[in-house]
Amino acid sequence: MSADSELLLEVEHLTVDFPTDDGVVHATRDISYTLSRGDVLGVVGESGSGKSVSSLAVMGLLPPTARVSGSAKFCGQELLGSHGAVKSLRGNKLAMIFQDPMTALNPVYTVGVQLREALRVHNREMPKREMTERSIDALELVGIPNPKDGLDSFPHEFSGGMRQRAMIAMAMINDPDILIADEPTTALDVTVQAQILETLERVQARTGAAIILITHDLGVIAGMAQRVLVMYGGAVVESGSVDDIFYRTSMPYTAGLLGSMPGIHAHGSRLRPIPGSPPSLIRMPPGCSFGPRCPMVTDACRLDAPGKFSLVGTQTHASACIRRDEVLAMDDARTMFAATHDTEVVRD
Amino acid sequence: MLRLIIRRMLVAIPMLLVCSVLVFILVANAGDPLEALRGRPNSQQAIAQRTATLHLNEPIFQRYWLWFSKMLHGDFGIDNKGLRIGPQLWRAMGTTLQIVLLSTIIAVCLGIAVGVISAVRQYSFFDYSATFVSFLFYAMPVFWFAVLLKVFGAIEFNNWLENPGIGTAGFLVIGLLGAGFTSMLFGFKRTVTKRRRMIAGAAGFVGTIVVCFLVDRFLADRTYFRWIGTVNTTDPRFAHQGFWPRLGDHLGHLLLPVTTLAVISYAGYSRFTRASMLETLSADYVRTARAKGVSERAVIFKHAFRTALIPIVTVVALDFGAIFGGAIITETVFSIQGMGKLFREALQKDIDPNKAMAYLIVTAINVVVFNLIADIIYAKLDPRIRHE
C-alpha cells in the first residue's frame, strides 16, 4: 500500500439506481475508493447494502434498466457508460468470481471448454495446444488434482469447493490485474471456505493481482484484507485499514457488525446483535440511514443536510458518523449494543 | 449413452405390451360389431361370416393372441367391409405424416425464433405483440380456426384470385402493417430513439404502398386459377398431369391444414421457448459468461439458448408423437384421408374392431417411440443425465 504503488482502479461518486414500479431503488450512493496493484480491499455489509451492485457496476454487468452515474477508471480508462472499454477489459484485465459455484458454471460444457472459452475470447489467435496447456496450468494453480482429467469433467462431477476453484482458475486464466470476488465462500462448507481463501491468497501471491473481496463475514476480511469498506444502505459508512476497523471503530454500525460476530475476542462472550432490519432502499430514512437502529442516535442524526453523512476523516480512516469521535473514544464500542440473554453463544 | 438407450428401450417393450392388452380389452368392450347387421332382414349369413372373421365365439384370451401374433407380422386383419387394413393404414399414415411433419417444422422454427427474440427483448413492443398473437392462437378452438381459414383463406381468396386487385382498404391495411414491421425491425436495438423508429415506420408505410401499387397494376385484368384447396390433399383433375402441376395442386391443398396445425403448435412453442430462455438468461452461468468477456451474441446462443434448448426439444418430440394421432379435428374439417379419418370410420354405428385397434396401437407405438426419442435427445443434450 505504499504511495508509489501503481494505481489500478479509481472509483468516484459511483451511484446506481434501479427504477421499479414501486419507486427508484437507490442501490448504491456516492461510493468512492481506490485500488492499487497487490491490494486486497474488503467490502463488508449486510445483504442489500449495495456491495455486489457496486462491483457489478464496475464490471458493466448490471441489467440495462440500471442507471449508473459517477466514474470508475481502470488505469485512467473510464469503465462506466462507454460500453466498449469495459467490454474488452472484462475477463481480461478485470475478472470476477461469484457466490454460488454450483450454478456459476454452465452445466452443459466441460470445465475445459469453459476455460478455453475465457482464453479464446481475448486471444483469438492462440493455438489450441497452448490453450490446453494454459488451462492445465490454471487448474494446477488453484490446486485441482489431476488437472488434465479436470478439463474433461463436467461441472456436476466437481464438488462445490472444486467448482469454486475452477471458477477462480477461469477468472485468473488471462492474468487479470483486478479480481473481484463476490462472496466467494458464502455457499461453501467452513472447511472448504478456508481452502478457497488460501487458494485466493496463493493466486494473488503468484500473480500480484489486486483483489476486491466482497463478504458479510468479518472473519474472512480479518484474514485477507488490508483495507476495508463497511457498507450500509447503499453507502460506505466507514473505511480504513483492518486494524482501524477492528480496533479503532468509529461508526456504530461497524461496532454492531463486530459485536454480532462470534468468537473474535474472548471466548464465551455473548453476541450483541443489531436490532431492527436494514432500511428500504426505495424510501431511505431521513438523516443517517443507520439512525433507526443506532443506540447512539440523537436528534441531530435525523436531520438531513447535504454532505452531513458523507465520509469524514483521513485518507486511510474515515467514518460517516457525526459522533465518530465519541465512538472512537469508547473502550469497546461493541458494548453499545445489548448482549443476547442466552448464556451460550449460538453458532450456525 | 448406449446403455441408457438400451435401458430405455427395454422399458418401452413392456409398456407396449400393456398398451396392446389395454387397446384390445377397451375395443372389445366398446360396442357390438354386429349391431348394424342384426337390424337387417335375412342377415344370418352375414352375421355368421363376421363372427367367424372376428373370432367372436372364441374366448377373449385366444382372440387377443390371434390378433397380437398377426400384428407382430404386420398383419392388421380385415375391416368390416372385408378390405385389408394394412394398406389403408399405411396410406393414412403417409398423408398424416406429411401434414404433421410440415406443420411441426414450421411451428418449431417460427416458435423458437420468436420465443428467443421475445425473451432477449423482454417487455419490448415485439415481445408484447408476440405474446398477444400467441395467446390468440393458443385460445382459438381448432375447428373454428380451420373453418375461418377455409372461408377467408380459401374461398374468399380463390374468389379474389379470379379478379385480383388491392382496393383502398387493402392499401391502407397493408401499408400500416408494413409501417409497423419496419419500425419494429429498425427499432430492434435498444439504443435506437423513438423518433428514428417513427421515421423508419413512415418510410416503411410509403415503401409498402408503392409496392402494393405496383402489385396492383400487375394484377389488374388478369385472372387466376382457384389454387387453394379445402378438401382432401389432391384434386383428381390433376391426376394425369405432369409433376409440377401436381405438386402445385398438392401444396395448395396442404396449405390450410398445415397452417392450422402449425399455428396452434407455434403458439405453444413460442411461449415455451420464451419461458425457457428467460430462465437461462438470468442464470448464474450466463452472468459468468458475460464476466469472462464473451460477446452478447455468443452469450445468448452458446450459453443461454444451448441450455434452454434441452426442455424445448423434449416437448417438441413428445408433441410430435401426440399430434400424429390427434389431428382428428383438422383432418375432419379439411376432409383429409389420414389417421383421424381412419379412426372415425372405425367408430361408425357398428364398431370396426380391427380398424380401431390398428389406429390405437399405431398411435400408442408413436407416443412410446417419441418418448424414447425425447429421452435420448435429452440425454444427448444434458450431460448431467448422460452420466447418471
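Q: Hi! Starting with E5(A): which residue is the bridge partner of Lys73(A)?
A: Hello! In this predicted model, Lys73(A) has Glu78(A) of E5(A) as its bridge partner.

Q: And how many bridges join E4(A) to E5(A), parallel or antiparallel?
A: Two bridges join E4(A) to strand E5 (residues 77-78) of chain A, and the strands run antiparallel. They form a hairpin with two residues between them.

Q: What about the phi of Cys75(A) in that turn?
A: Cys75(A) has a positive phi, of about 50°.

Q: Which strand is joined to E4(A) by seven bridges?
A: That is strand E1 (residues 7-20) of chain A, which runs antiparallel to strand E4 (residues 67-74) of chain A. As one pair from these strands, Glu12(A) stands opposite Ser71(A) in E4(A).

Q: Let's zoom out. How many helices and strands does chain A have?
A: The secondary structure of chain A comes to 13 helices and 12 strands.

Q: And why does the radius of gyration of chain A agree with a compact globule?
A: Because a compact globule of 348 residues would have a radius of gyration near 20 Å, and chain A has 21 Å. Along the principal axes, the C-alpha atoms of chain A fill a box of roughly 65 × 50 × 45 Å.

Q: What percentage of chain A is buried?
A: Buried residues make up 45% of the 348 residues in chain A. As for contacts in chain A between residues at least 6 apart in sequence, 67% of them join residues at least 24 apart.

Q: Now the open sheet of eight strands: what is the order?
A: In chain A the order is E6-E7-E8-E3-E9-E10-E12-E11, with mixed pairing. The edge strands are E6 (94-97) and E11 (312-313) of chain A, each of which pairs on one side only.

Q: In which sense do E3 and E9 of chain A pair?
A: Strand E3 (residues 40-44) and strand E9 (residues 227-232) of chain A pair in the parallel sense, over four bridges. Gly42(A) stands opposite Val228(A) in E9(A).

Q: Which strands does helix H7 of chain A lie across?
A: Helix H7 (residues 160-172) of chain A lies across E6 and E7 (178-182) of chain A, and runs at about 170° to E6(A).

Q: How many residues are in the largest nonpolar core?
A: The largest nonpolar core has 96 residues. Ala169(A), Ile178(A), Ile212(A), Leu213(A), Val230(A) and Val237(A) have the most contacts inside it. H7(A) gives the largest share of this core, eight residues.

Q: Which residues is Ile212(A) in contact with, leaving aside neighbours within four places in sequence?
A: Ile212(A) is in contact with Leu35(A), Leu41(A), Val43(A), Ser55(A), Ile178(A), Ile180(A) and Ala181(A).

Q: Which residues does the second, separate core include?
A: That core has 33 residues, including Met277(B), Ala304(B), Phe320(B) and Ala374(B).

Q: On to the contacts between chains: how many residues of chain A are in contact with chain B?
A: 23 residues of chain A are in contact with 17 residues of chain B. On the side of chain A that touches chain B, helix H3 (101-104) and helix H4 (111-122) of chain A each supply at least two residues. The largest share of that side, four residues, comes from H4(A).

Q: Last one, on chain B: how far does helix H4 reach?
A: Helix H4 (residues 60-72) of chain B has 13 residues and reaches 18 Å from its first C-alpha to its last. That is close to the 18 Å expected at 1.5 Å a residue. Just after H4(B), Gly74(B) takes a positive phi of about 85°.

Methods: Residues are numbered from 1 along each chain as its sequence is written. Chains are lettered from A and ligands numbered from 1 in the order in which they are written. This is a predicted model: local features need pLDDT of at least 70, side-chain atom pairs count only at pLDDT 80 or more; totals for chains, interfaces and linings use all residues. The expected span of a helix is 1.5 Å times one less than its number of residues. Two strands pair if DSSP finds at least two bridges between them. The radius of gyration is taken over C-alpha atoms; the globule rule is 2.2 Å times the number of residues to the power 0.38. A residue is buried if 20 or more other C-beta atoms lie within 10 Å of its own, exposed if 12 or fewer, and partly exposed in between; C-beta atoms are placed from the backbone. Two residues are in contact if their C-beta atoms, placed from the backbone, lie within 7 Å. Axes are lines fitted to C-alpha atoms, for helices over the stretch in contact, and angles run from 0 to 180 degrees between N-to-C directions. A nonpolar core is a set of buried Ala, Val, Leu, Ile, Met, Phe, Trp, Tyr and Cys residues joined through C-beta atoms within 7 Å.
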